[in-house]
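Hello,

Here is the structure I promised to pass on to you. Have a look at it first, and then read my notes below.

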Amino acid sequence: MASIDFAEVERFAQLFPTGECPKFPQAVADLPENLTQREMIRSAMPELWQRLHGGGEADLPADVMLRLHKGELKAGDAEHLKAAGLEAAALELNRRLQEEQLAAMQARMEAEKEAREAAKEQRYAAAEMARMESVALTQRHLAAQNRSF
């Protein structure tokens with residue numbers, strides 16, 4: 001008998017808090033017939049789904065297999081991973097891509113904020129310089145008027 005990971009069984013049971021909990025699947029045939037329950041298991045426990053469906057790298061295109069082993073997967077690879085039954089890897093890739101997009105968006109927003117701050121400081125400096133030039137011009141004009149008297 002195969003050893004059972006009771007932490008995984010507990011996670012499985014938690015997927016069904018209000019209804020009847022189906023048998024913990026040891027094979028594809030053990031999965032519930034209810035398609036909603038199947039999809040819930042697939043999305044919440046991709047490692048289990050992958051193990052039951054026997055996903056494997058052998059079904060991947062060679063370039064995707066190489067990127068998988070090099071840790072260099074890219075956005076288009078998720079569909080190949082899913083097709084090969086590597087649900088967990090596909091979900092991890094999508095999670096990583098979302099994090100990268102979020103980080104890029106945050107970096108872009110920070111750069112835009114810094115650019116706005118720099119432009120604001122430049123406008124302030126230009127306005128201060130114009131004010132100081134105006135004061136100096138006024139002082140020269142007053143001095144010239146005082147000399148003419």
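These notes go through the aromatic rings, the salt bridges and a charged patch.

Please keep in mind that this is a predicted model.

Let's begin with the aromatic rings. There are two aromatic pairs in the count. In one of them, phenylalanine 12 and phenylalanine 24 have ring centres 5.4 Å apart and planes at 90°, so this pair is edge-to-face. Phenylalanine 12 sits in helix α1 (residues 6-14), while phenylalanine 24 is in the loop between α1 and α2 (35-44), so the pair links distant parts of the chain, 12 residues apart. Phenylalanine 12 is buried at 1% relative accessibility, and phenylalanine 24 is buried too, at 15%. Together with Phe16, Phe12 and Phe24 make up one aromatic cluster.

Next come the salt bridges, which number 10. One of them joins the side chains of arginine 11 and glutamate 47, at 4.0 Å from N to O. Because arginine 11 belongs to helix α1 and glutamate 47 to helix α3 (residues 46-53), this bridge ties together parts 36 residues apart in sequence. Both ends are partly exposed: arginine 11 at 38% and glutamate 47 at 41%.

In helix α6, arginine 95 has two partners to look at. Glutamate 92 meets arginine 95 at 2.1 Å, and these residues are about one helical turn apart. Arginine 95 also bridges to glutamate 99, at 2.4 Å.

Finally, find the negative surface patch of Glu110, Glu114, Glu117 and Glu121. Glutamate 121 lies in helix α6 (residues 87-148) and is exposed, at 55%.

Enjoy exploring!

Technical notes:
Residues numbered from 1 in each chain as written. Predicted model: local features only at pLDDT ≥ 70, side-chain atom pairs only at ≥ 80, totals over all residues. Heavy atoms only, no water. Phe/Tyr/Trp six-rings, centres within 6.5 Å; stacked < 30°, edge-to-face > 60°. Helix = DSSP H or I, 4+ residues; strand = E, 2+ residues; numbered from the N terminus. Buried < 20%, exposed > 50% of the residue type's maximum accessible area, 1.4 Å probe, protein only. Patch = residues over 30% accessible without salt bridge, like charges linked within 9 Å, V, L, I, M, F, W, Y side chains within 5 Å. Areas by Shrake-Rupley, 256 points an atom, 1.4 Å probe, with all protein chains shown as cover. Lys, Arg positive; Asp, Glu negative; His and termini not counted. Charge placed at Lys NZ, Arg CZ, Asp CG, Glu CD.
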